[in-house]
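Open the model in your viewer and keep the selection tool at hand. The tour below goes stop by stop.

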Amino acid sequence: MKTALVIGSTGLIGKNVVDFLLADNYFDQVIALVRKPSQKLNNKLKEIVVDFDHINEYADELKADVLFCCLGTTIKTAGSQEQFKKVDYQYPVEIATICKQNGTQHMLIVTALGADENSSIFYNKVKGETETALKALQFNQLDILQPSLLIGDRTEFRLGENIAQKVMPLFDGLLFGSLKKYKSIKGSQVAKAMVAIAKQNTQGIHYHLSDELQGY
């Protein structure tokens with residue numbers, strides 16, 4: 001029996017990951033950590049309502065074969081750099097640590113193109129620090145997805161991204177070779193690739209950029 005655990009299950013990528021997992025016979029159960037119950041009804045789906053600030057209280061329930069992390073926000077939405085780092089660094093690392101202790105050996109996470117712990121850009125720096133912390137946990141397999149600009153309808157309004165979503169696709173056709181990784185990509189396509197990668201039995205740390213993710 002294969003169990004998948006998803007954090008960030010209501011976002012642009014996460015909601016699609018859950019749908020793909022529920023439709024895939026490879027996984028027998030899908031656990032989603034949520035702040036409040038959704039209206040999604042499926043016998044394979046188990047939602048656990050949690051307080052992410054006290055995630056250790058739910059440690060006994062965080063058990064899965066594969067951990068999917070699609071959690072992410074913006075500094076504007078979070079309200080401050082401190083709150084942003086809590087969502088994009090603290091929550092994923094804490095949950096990953098618990099899952100690893102509970103026997104999970106495969107994790108997949110969506111970060112961002114340009115993630116680098118040494119970056120002068122705060123957003124990219126935090127994403128890079130998250131990657132470094134997860135690598136230190138030594139999962140048998142860690143897949144890090146670094147998509148470019150995401151296309152799709154979000155539950156939260158992001159003005160800058162909304163404008164970029166309209167403009168960037170106009171230039172995608174001009175990006176070739178090493179520049180293909182900068183092409184915009186649909187959130188649903190990232191989710192589709194994420195689930196496909198989750199079924200690959202490889203070991204070690206693997207990075208997946210937008211141009212690769214487009215191929216699934």
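A residue counts as exposed when its relative accessible area is over 50%, and as buried when that area is under 20%. Keep in mind throughout that this is a predicted model.

**Stop 1: a loop.** Select helix 4 (122-136) and strand 6 (141-146), then look at the loop between them, where Gln 138 lies. Is Gln 138 buried or exposed? Its relative accessibility is 62%, so Gln 138 counts as exposed. Now check the backbone of Gln 138: phi is positive, about 60 degrees, although this residue is not a glycine.

**Stop 2: a pocket.** Next, select the residues that line the second largest pocket: Lys 2, Tyr 26, Asp 65, Val 66, Gln 105, His 106, Asn 140, Gln 141, Ala 198, Lys 199, Gln 200 and Asn 201. The space in this pocket comes to about 200 Å³. Colour the lining by residue type, and it divides into six polar, three charged and three nonpolar residues.

**Stop 3: the cysteines.** A disulfide is a covalent bond between the sulfur atoms of two cysteines. How many disulfides does the model have? The count is zero. To follow the reasoning at one cysteine, select Cys 70 and Cys 69. The cut-off for a disulfide is a pair of cysteine sulfur atoms within 2.5 Å. The cysteine sulfur closest to that of Cys 70 is in Cys 69, and it is 6.7 Å away, too far for a bond. Cys 70 counts as buried, because its relative accessibility is 13%. Finally, select Cys 99, which is also buried, with a relative accessible area of 0%.

Definitions and conventions
Residues are numbered from 1 along each chain as its sequence is written. This is a predicted model: local features need pLDDT of at least 70, side-chain atom pairs count only at pLDDT 80 or more; totals for chains, interfaces and linings use all residues. Side-chain values use heavy atoms; hydrogens and water are left out. On a 1 Å grid over the protein atoms alone, a cavity is a set of points where a 1.4 Å probe fits but cannot get out, and a pocket is an open set with protein on both sides within 12 Å along at least five of seven lines; lining residues have an atom within 4 Å of a point. Grid points are joined across faces, edges and corners, and a volume is the space filled by probe spheres set on the points. Ala, Val, Leu, Ile, Met, Phe, Trp, Tyr, Cys and Pro count as nonpolar, Asp, Glu, Lys and Arg as charged, and the others, Gly among them, as polar. Helices (H or I, at least four residues) and strands (E, at least two) are DSSP runs, numbered from the N terminus. Buried means under 20% relative accessible area, exposed over 50%, partly exposed in between (1.4 Å probe, protein chains only).
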